[in-house]
Amino acid sequence: MLVSASRTEDFDLAERSGADAVILDLEDGVVTAERSDARRSVAAWLSGGGAAWVRINAATTEDWWADVDALRGLPGLQGVMLAKSESGQQVRDTAARLGGAVPVLALVESARGIEFAFEIACEPATLRLAFGSGDFRRDTGASAEPDALAYARGRLVVASGAAGIAAPVDGPTLVDDQRTRIADLGVTRSMGMSGKLCMKAAHTGDVNRELSPSAADAAWAAEVIDRLGVDGSGVRSGSDRPQLARALTIRTRLDALRLSY
């Protein structure tokens with residue numbers, strides 16, 4: 001969940017929300033004139049017991065230098081979201097300036113970023129890719145229709161899989177309508193993405209529910225694993241292997257999410 005870094009009153013509330021990660025936003029969530037104050041507020045909160053990710057400005061901006069210098073070494077910094085990621089070098093430079101041990105969530109928001117998605121995903125510091133759908137649309141003139149964004153989403157999914165990292169995080173639904181949000185989450189799931197950015201704590205429940213394995217998924221996976229064996233000892237044909245792989249992925253996600261049905 002993205003939270004404006006200038007709204008310090010929301011930091012603790014966000015940390016108690018149902019979001020898997022809180023991202024304090026020093027980029028689009030803060031007007032330029034307020035970024036220095038916002039950095040100080042974030043640094044104070046992360047130094048005083050708070051824990052969160054921070055969205056930092058693009059590596060091509062002066063604000064990037066100020067952001068990483070303000071965040072380096074803070075005990076509560078869980079990682080950074082790098083806005084407008086367009087190359088592996090940008091991820092590498094970010095990680096190095098932060099001390100080399102801070103994971104980077106690379107937010108891909110442009111045509112160039114999409115084309116270099118595999119390079120970005122292959123950087124050791126890249127934990128996951130995320131889709132900045134709004135800025136991508138502005139950069140390319142694409143509409144919000146799923147078909148118009150399918151290539152970009154697909155590139156992020158394939159790049160992540162090829163690089164051996166977790167599936168990407170989809171962009172947020174900006175319309176505050178639950179039916180629209182649920183429909184968008186269906187697109188997220190169908191494209192093979194496994195997370196979604198959101199702006200409000202009230203939206204996290206829908207995201208968690210729609211992107212988590214269902215009870216039916218869990219039952220199917222258990223049946224397949226019992227029949228074919230965790231080690232594949234029961235595999236009898238080539239078509240069994242994809243089923244087992246999917247079942248094991250579902251079980252892994254259930255374990256990671258600590259879900260049981």
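Tutor: Gladly; we will take the annotated residues one by one. This is a predicted model, where local features need pLDDT of at least 70, side-chain atom pairs count only at pLDDT 80 or more, and totals for chains, interfaces and linings use all residues. Residues are numbered from 1 along each chain as its sequence is written, and side-chain values use heavy atoms, with hydrogens and water left out.

Student: Which residues does UniProt list for "binding site"?

Tutor: The unreviewed UniProt entry lists Glu109 and Asp135; such annotations may be inferred rather than shown by experiment. The two are spread over 27 residues of sequence, yet their largest C-alpha distance is 5.4 Å.

Student: Why is Glu109 called buried?

Tutor: Buried means under 20% relative accessible area (1.4 Å probe, protein chains only). Glu109 has 4%, so it is buried.

Student: What makes Asp135 count as buried?

Tutor: Its relative accessibility is 14%, therefore Asp135 falls under that cut-off too. Asp135 is found in helix H7, residues 133-140; a helix here is a DSSP run of at least four residues.

Student: Which residues is Asp135 in contact with, leaving aside neighbours within four places in sequence?

Tutor: Contact means heavy atoms within 4.5 Å, and on that basis Asp135 touches Asp28, Lys84 and Glu109.

Student: How far is the backbone nitrogen of Lys84 from a polar atom of the Glu109 side chain?

Tutor: That distance is 2.7 Å.

Key
Buried < 20%, exposed > 50% of the residue type's maximum accessible area, 1.4 Å probe, protein only. Polar contact = N/O pair within 3.5 Å; in protein donor to acceptor, adjacent residues only side chain to side chain. Helix = DSSP H or I, 4+ residues; strand = E, 2+ residues; numbered from the N terminus.
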